[in-house]
Protein chains: 2
Amino acid sequence: MSGMRMTGAAVVGMGKPATNIQRGGESGFWAVNPMTGEKLEPKYGCASGVEVAETTTQASEAAWTMAASSGKMRAELLRKIAEKLLSAQEAIVQRAHLETGLPLARLNGEMARTVGQLQLFADVAAEGSWVDARIDTAQPERTPMPRPAVRSMLRPLGPVVVFGASNFPLAFSVAGGDTAAALAAGCPVIVKAHPAHPGTSELVGRAICEAASELGWPEGTFALLFDSGVDVGTALVQHPLVQAVAFTGSTAGGQALMKLAASRPEPIPCFAEMGSSNPVFVLPGAMQARAAAIAGGLAASFTLGSGQFCTKPGVVFVPKSMPDGFWETLRATVGGMASMGMLTAGIAARYRQGVAARKHGAHGVETVAEAARTVESEVAAGAPTLMKTTLEHYLSTPELEEEIFGPTMLVVEYAAAEDLAPVAQGLRGHLTATMHAEEADREFVARLLAVLVHRVGRVVWNSYPTGVEVCHAMVHGGPFPATSDSRFTSVGAASILRFARPVCFQDVPDEWLPKELQSSNPLGMERMVNGRRTRESLE
Amino acid sequence: MSGMRMTGAAVVGMGKPATNIQRGGESGFWAVNPMTGEKLEPKYGCASGVEVAETTTQASEAAWTMAASSGKMRAELLRKIAEKLLSAQEAIVQRAHLETGLPLARLNGEMARTVGQLQLFADVAAEGSWVDARIDTAQPERTPMPRPAVRSMLRPLGPVVVFGASNFPLAFSVAGGDTAAALAAGCPVIVKAHPAHPGTSELVGRAICEAASELGWPEGTFALLFDSGVDVGTALVQHPLVQAVAFTGSTAGGQALMKLAASRPEPIPCFAEMGSSNPVFVLPGAMQARAAAIAGGLAASFTLGSGQFCTKPGVVFVPKSMPDGFWETLRATVGGMASMGMLTAGIAARYRQGVAARKHGAHGVETVAEAARTVESEVAAGAPTLMKTTLEHYLSTPELEEEIFGPTMLVVEYAAAEDLAPVAQGLRGHLTATMHAEEADREFVARLLAVLVHRVGRVVWNSYPTGVEVCHAMVHGGPFPATSDSRFTSVGAASILRFARPVCFQDVPDEWLPKELQSSNPLGMERMVNGRRTRESLE
């Protein structure tokens with residue numbers, strides 16, 4: 001690194017010069033290469049209280065412009081951000097690789113996903129019907145009281161604070177789904193960078209700032225703040241000008257933010273996606289039909305990305321009476337694996353602790369297979385580990401339902417498929433549940449499915465929960481403790497609904513109404529008029 | 001009253017006999033006629049912890065049936081409830097009159113509204129498109145990864161606890177909007193009766209039970225619990241089987257429930273509508289054009305229903321420089337009024353205290369007019385009171401923005417219309433804001449409107465905020481502290497969205513999907529298919 005650039009940004013904002021802010025102080029931090037343990041220059045500053053205050057004030061001012069902007073303008077911003085990211089892809093992906101240890105191919109794929117998300121939200125914003133425009137026309141002759149004209153639509157909440165996630169340095173971080181959805185809704189965004197990938201965050205943040213500046217958006221449209229600890233995040237969530245919070249990460253982190261958001265003098269919505277153990281239910285007929293294939297699929301799914309996905313299958317229920325192929329395939333596949341690089345040394349250490357506690361803490365859990373080889377060069381690594389237990393032991397040991405972040409899976413053997421629906425009923429909230437079933441399992445399917453629908457946000461059939469499609473119908477959510485608010489998804493087009501609230505206009509003349517609600521339907525949108533969906537003009 | 005019926009219900013449930021449960025104990029309570037102060041028989045019991053547990057267990061069991069029911073079945077239930085209420089209208093309205101002091105004409109109107117709400121939600125449930133069905137079809141050939149079929153829809157949350165409001169003993173109570181919306185969504189309902197109108201609650205609750213029983217709904221579909229204090233409500237909100245809370249009432253009550261709901265081991269959504277002072281902004285041109293009419297309209301609106309509406313205009317901003325007619329009309333109208341009966345002696349006492357504190361507590365507030373006559377026979381009464389102050393004093397006295405529940409209004413005189421947008425920007429959250437404007441006010445409208453949209457759920461133009469139309473586009477909500485969750489309305493068709501969450505189904509075969517998501521579109525509903533709204537079948 002050049003000697004000119006030993007101190008990195010504390011804040012990346014649209015009004016800030018593109019060169020880094022020089023900061024004295026000892027409060028800064030470095031990213032660490034998890035493959036080597038070496039510090040990565042530059043040192044990043046931690047944003048100060050003054051910088052938090054400036055940033056939120058600017059965001060609050062930008063909120064007026066953004067709320068008044070058209071969906072097409074916001075679509076243009078999102079597409080420009082995608083463009084800027086693609087231009088900087090090489091540098092971003094290289095830096096992300098150093099900071100996270102994730103393979104380049106994965107990071108290039110994640111970049112494609114990030115760009116795809118921005119484009120999806122651009123389409124949603126430009127098309128515009130997400131605002132749920134509703135018009136009930138006036139009935140001046142109605143008795144005993146005339147009916148006023150009532151028109152409503154969703155409007156942006158205002159400044160949103162987004163917390164970058166460690167495990168998707170692009171798709172769930174600075175320009176990830178939360179940022180894209182909030183900008184699409186018309187909300188300014190303040191991102192608190194994840195301290196494990198500040199360099200990636202900075203590059204992405206600068207790309208967003210450039211895009212917004214080039215298109216003439218106000219300074220507070222977007223900002224990125226750095227911090228090695230929790231002070232900046234806490235100050236942001238507690239700041240009176242902040243109107244919503246989006247977070248993807250640990251249960252502890254998410255619950256701390258939920259408490260902060262709920263205990264403000266004016267509580268605000270907090271969308272925390274905290275992960276889950278994504279139970280998989282393999283019914284006897286499915287196991288009979290394709291034991292080895294299921295074993296292979298599970299092994300691939302729980303170790304994908306070093307098991308560092310919130311949709312990793314953590315618990316799998318399988319019949320005790322088993323055809324050949326399942327255990328053999330799992331043992332061979334997992335035993336043949338090497339230890340896997342993880343995102344940070346801290347995450348790897350917590351993973352190893354979690355696995356050790358489960359292996360040694362409970363007599364009823366048996367280790368079935370472990371990666372035999374370790375990769376010496378990796379400082380932050382975890383060995384894929386497969387464990388098993390009985391249903392009885394599982395039911396009497398509630399902590400076995402808890403997520404261990406990393407490449408481990410617990411297989412639970414059940415004696416009777418009838419027991420699965422009651423087991424499912426005892427589950428806490430999860431992001432997903434998966435069923436493997438064949439014709440022979442028919443008698444168990446309906447009841448189990450009905451129960452699972454109550455406990456998760458997504459039910460997966462004869463497949464695996466990793467891989468979250470970014471589309472209109474996706475629900476990446478689920479009852480607490482999987483998320484803080486099961487009424488919303490954090491992935492897919494519907495996640496825009498997190499950042500808006502309905503406002504209605506009673507008897508307000510057309511000229512003062514948002515275009516979405518004007519009688520002539522100038523945007524040609526589908527709207528609900530007197531309870532009926534139509535694209536018609538009212539004139 | 002007959003000696004046979006000296007003790008009323010503690011619980012009205014579908015499985016309970018229609019005769020009242022005889023209860024010993026001293027924990028019961030009576031309704032009190034607010035016009036005379038006399039106790040109204042029978043004495044009502046307070047539900048016990050065992051009864052709370054039984055009720056929630058039954059509701060939780062009924063949740064399965066309800067979640068599996070069709071929208072048409074739920075529509076039938078809602079229509080049957082409406083029918084039963086109409087059959088019992090005379091008795092219900094008579095009892096409500098004794099318990100609340102509200103005039104019979106008003107109560108008959110409120111019954112019509114209540115029945116209308118049930119019918120609206122029946123239509124919404126039967127039509128079905130509120131579930132926001134979304135389908136993204138599979139793309140097995142897509143590279144690098146095939147796209148699964150992803151289908152999502154809103155599904156009911158489970159048992160909902162509804163708190164009856166004092167000021168609408170029918171429309172916001174046992175069979176009110178919250179109950180109708182929750183049943184329409186497919187959620188069992190447990191109502192905690194408001195202790196000021198237990199007899200009305202019982203009659204309405206029995207009508208609901210009869211309707212549900214006749215149609216064969218399970219026992220836990222609906223229950224009504226009585227309590228004179230907060231123990232039963234607290235136990236219900238904290239009960240692990242309860243999934244959501246709906247409340248209309250005081251700020252203190254609502255905030256207590258918000259805290260309870262947020263601090264559960266598994267937090268649940270709490271929809272508290274806590275009221276507001278519904279600021280009215282009269283611009284100079286409007287005042288010039290129709291001062292007397294505005295004065296008359298305001299006087300009628302703030303005293304309607306003895307000012308006991310959450311949409312009562314509590315604060316009105318008017319130009320200091322004023323044509324004749326405004327103050328004269330207000331003085332004459334208010335001065336000519338008599339004191340007004342209020343819902344309970346407690347509410348009347350709090351009203352009188354609130355008015356006295358405002359009158360005497362702050363030097364800058366002047367009493368402009370008071371009802372001259374008092375109605376001696378009414379035990380719980382409040383005198384309509386009109387006060388005024390300057391904008392300067394208002395801005396330096398934050399408590400003047402707080403609601404005083406009852407027939408009082410504070411007029412705030414401003415010098416320059418330019419000041420109104422900054423004043424509006426300083427507002428806390430309110431349910432409504434009203435603007436009176438004419439062509440001459442053009443230069444002030446856009447900015448003021450843009451600000452108000454951020455502070456309220458409904459903007460009313462050249463009219464008055466009282467009167468909340470029950471329709472598809474209504475938003476009865478607004479930022480905290482008006483409500484606990486500005487993302488939802490508590491009146492109108494969209495209020496059903498409070499009681500549902502999205503669930504998605506990935507690659508689940510048609511035969512196991514809810515009808516709403518099946519490929520053939522058997523319900524003929526409008527759905528979003530690959531991002532496009534259509535009623536087409538996919539086959």
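**Close-up views of a predicted two-chain model**

**Figure 1. The contact between chain A and chain B.** The contact draws 55 residues from chain A and 56 residues from chain B. The model is predicted. On chain A, the elements giving two or more residues to the side that touches chain B are helix H1 (49-68), strand S4 (134-136), strand S5 (150-156), helix H14 (442-455), strand S19 (458-461) and strand S20 (500-506). S20(A) gives the most, with six residues. By class, the side of chain A that touches chain B holds 30 nonpolar, twelve polar and 13 charged residues.

**Figure 2. The rotation axis relating the two copies.** Two copies of a chain are related by a rotation about an axis and a shift along it.

**Figure 3. Domains of chain A.** The domain assignment gives chain A domain 1 (3-14 + 30-127 + 157-274 + 489-495), domain 2 (280-461) and domain 3 (508-534). The C-alpha centres of domain 1 and domain 2 of chain A lie 32 Å apart. Their contact takes twelve residues from domain 1 of chain A and 15 residues from domain 2 of chain A. The side of domain 1 of chain A that touches domain 2 of chain A has three nonpolar, seven polar and two charged residues.

**Figure 4. Helices H4 and H5 of chain A.** Helix H4 (residues 104-127) and helix H5 (residues 177-185) of chain A cross at roughly 20°, and their axes come within 9 Å. Angles under 35 degrees count as roughly parallel. H4(A) and H5(A) are therefore roughly parallel to each other. H4(A) passes H5(A) in a right-handed crossing. H4(A) contributes A:Gln117, A:Leu118, A:Phe121, A:Val124 and A:Ala125 to the contact, and H5(A) contributes A:Gly177, A:Ala180, A:Ala181 and A:Ala184. These contact residues divide into seven nonpolar, two polar and no charged.

**Figure 5. Helices H2 and H6 of chain B.** Helix H2 (residues 71-87) and helix H6 (residues 198-214) of chain B pack at an angle of about 135°, their axes 8 Å apart. H2(B) and H6(B) are therefore oblique to each other. The crossing of H2(B) past H6(B) is right-handed. From H2(B), B:Leu77, B:Lys80, B:Ile81, B:Lys84 and B:Leu85 take part; they meet B:Val204, B:Ala207, B:Ile208, B:Glu210, B:Ala211, B:Ala212 and B:Glu214 in H6(B). The contact of H2(B) with H6(B) comprises eight nonpolar, no polar and four charged residues.

Figure 6. Most residues other than glycine have a negative phi, and most peptide bonds are trans. The peptide bond from A:Phe480 to A:Pro481 is cis, with omega near 10°. A:Pro481 sits in the loop between S19 and S20 of chain A. In chain B, a cis peptide bond joins B:Thr143 and B:Pro144, with omega about 0°. B:Pro144 is in the loop between strand S4 (134-136) and strand S5 (150-156) of chain B. B:Asp507 is not a glycine, yet has a positive phi of about 60°. B:Asp507 lies in the loop between strand S20 (500-506) and strand S21 (527-529) of chain B.

Conventions. Residues numbered from 1 in each chain as written. Chains lettered and ligands numbered in written order. Predicted model: local features only at pLDDT ≥ 70, side-chain atom pairs only at ≥ 80, totals over all residues. Axes fitted to C-alpha atoms, helices over the stretch in contact; angles between N-to-C directions. Helix = DSSP H or I, 4+ residues; strand = E, 2+ residues; numbered from the N terminus. Parallel < 35°, antiparallel > 145°, perpendicular 65-115°, else oblique. Left-handed = near helix turned anticlockwise from the far one by under 90°. Contact = placed C-beta atoms within 7 Å. Nonpolar A, V, L, I, M, F, W, Y, C, P; charged D, E, K, R; others polar. Domains from an automatic or database assignment.
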